[in-house]
Amino acid sequence: MDDKKILFSAVQPSGTLTLGNYIGAIKNWTKLQDDYNCIYSIADLHTLTVKQEPALLRAHTYELTALYLACGIDPEKAILFIQSHVPAHAELTWILNTMTYPGELTRMTQFKDKSQRHCDNVNMGLMDYPVLMASDILLYNTELVPVGADQKQHLELSRDLAIRFNSRYSETFKVPEPYISKVGAKIMSLQEPTKKMSKSDANINAFISMDDDTDTIIRKFKRAVTDSDNKIVMSEDKPGISNLLSIYSVVTGTSIEDAEKRFDGYGYGDFKLAVGEAVADVIKPIKEEKERILKDKAYIDKILADGADRASRIAYKTLSKVYRKVGLVPRAR
Ligand code: TRP
């Protein structure tokens, strides 16, 4: 490899992605491909920590791969692979488990939230989720991890585990840093704009799915919650309008100031329509490309097999170092 920094990120194949996931994650990832050695994973093992329908999980995994490709992840530039195709992730998790304390995992905000939401299935995997995530990151000598606010705590544990291992056994892991994107637009719910846009929202009008068609997108924007004065400006006391302005700004590449100027004097109805159209213009070609790619399973399988080969080479180098340092006897050849 060259001297570019290694950047690692992953998304779970747990159903449709929202406009928020696209803007907050995948869209940025395509821009990072030239400046970093990017490794992007489909975190299927993480998905199993909540109940999954096996056939659906398989379908979601293919869909997410196709979506990554449709959004412009280029397998010539980045490594794209399925987490379970590289068993080193599960293997390193075991080693790191022996140096993680239960209290470190039970106090995780996401564990507490998910234990409540899935109270009929609070399993060891759900608790261990951050250790698997640490393994994902540490196997690749990752320097940078683009993560949203909800994953910051997990990244912090990855750093702690890297430091702990290094001080116990000598320098082995790079200590990863969060990568904070310059265009840090956080996309909020269209119905409750103080909450993050989420695909698990019970109200389907609250989020835009990357699978929505143009009519649906425009209808959802028309119903977006705003406020009662009629000014289209970015302001803390106008969360609905601010959210729509930042969505418009990222999907069209216009600055917030220019967007405010452009919509000066518009009524809310026309403004919402314009934002809906701008979003539909971005989603439609991606959705079409994703559907085209999905029809070619052999092509997807080939990219994933190649990605798993390249990822394995890096991951097993790290894992064998780890096994040796902790005192496991290497298998004779
Ligand atoms: N937990 C992350 C999420 O749900 C996905 C993920 C898994 C991840 N492994 C990772 C993100 C490693 C960054 C690095 O968003």
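Here are some questions and answers about the ligand site and the domains of this predicted model.

Me: Which element gives the most to the shell around the ligand?
Reply: Happy to look at that with you. The residues around the ligand include F8, S9 and A10, as well as Y129, M133, D136 and I137. Two elements give two or more residues to this shell, β1 (6-11) and α7 (124-138). With four residues, the one that gives the most is α7.

Me: How far is a polar side-chain atom of D136 from a nitrogen atom of the ligand?
Reply: Let's take the polar contacts one by one, with 3.5 Å as the cut-off for a pair of N or O atoms. An N or O atom in the side chain of Y129 is 2.7 Å from a ligand nitrogen, and for the side chain of Q151 the value is 3.1 Å. For D136, the distance from a polar side-chain atom to a nitrogen atom of the ligand is 2.6 Å.

Me: How much of the ligand's accessible area does the protein cover?
Reply: The shell around the ligand has seven nonpolar, four polar and one charged residues. On its own, the ligand has 370 Å² of accessible area, and the protein covers 88%.

Me: What area do domain 1 and domain 2 bury between them?
Reply: Good one to finish on! Domain 1 spans 6-184 + 297-326 and domain 2 spans 204-291, with 31 Å between their C-alpha centres. Their contact takes twelve residues from domain 1 and 15 residues from domain 2. Carbon and sulfur atoms carry 77% of the buried area, which is about 1200 Å².

Technical notes
Residues are numbered from 1 along each chain as its sequence is written. This is a predicted model: local features need pLDDT of at least 70, side-chain atom pairs count only at pLDDT 80 or more; totals for chains, interfaces and linings use all residues. Side-chain values use heavy atoms; hydrogens and water are left out. A residue is near a molecule or strand if one of its heavy atoms lies within 4 Å of it. A polar contact is a pair of N or O atoms within 3.5 Å; within protein, one must be able to donate a hydrogen and the other to accept it, and residues adjacent in sequence count only if both atoms are side-chain atoms. Accessible areas come from the Shrake-Rupley method with a 1.4 Å probe; for residues, only the protein chains shown count as cover. Ala, Val, Leu, Ile, Met, Phe, Trp, Tyr, Cys and Pro count as nonpolar, Asp, Glu, Lys and Arg as charged, and the others, Gly among them, as polar. Domain bounds come from an automatic or database domain assignment. Contact means heavy atoms within 4.5 Å. Buried area is the accessible area (1.4 Å probe) that two parts lose on being put together, summed over both.
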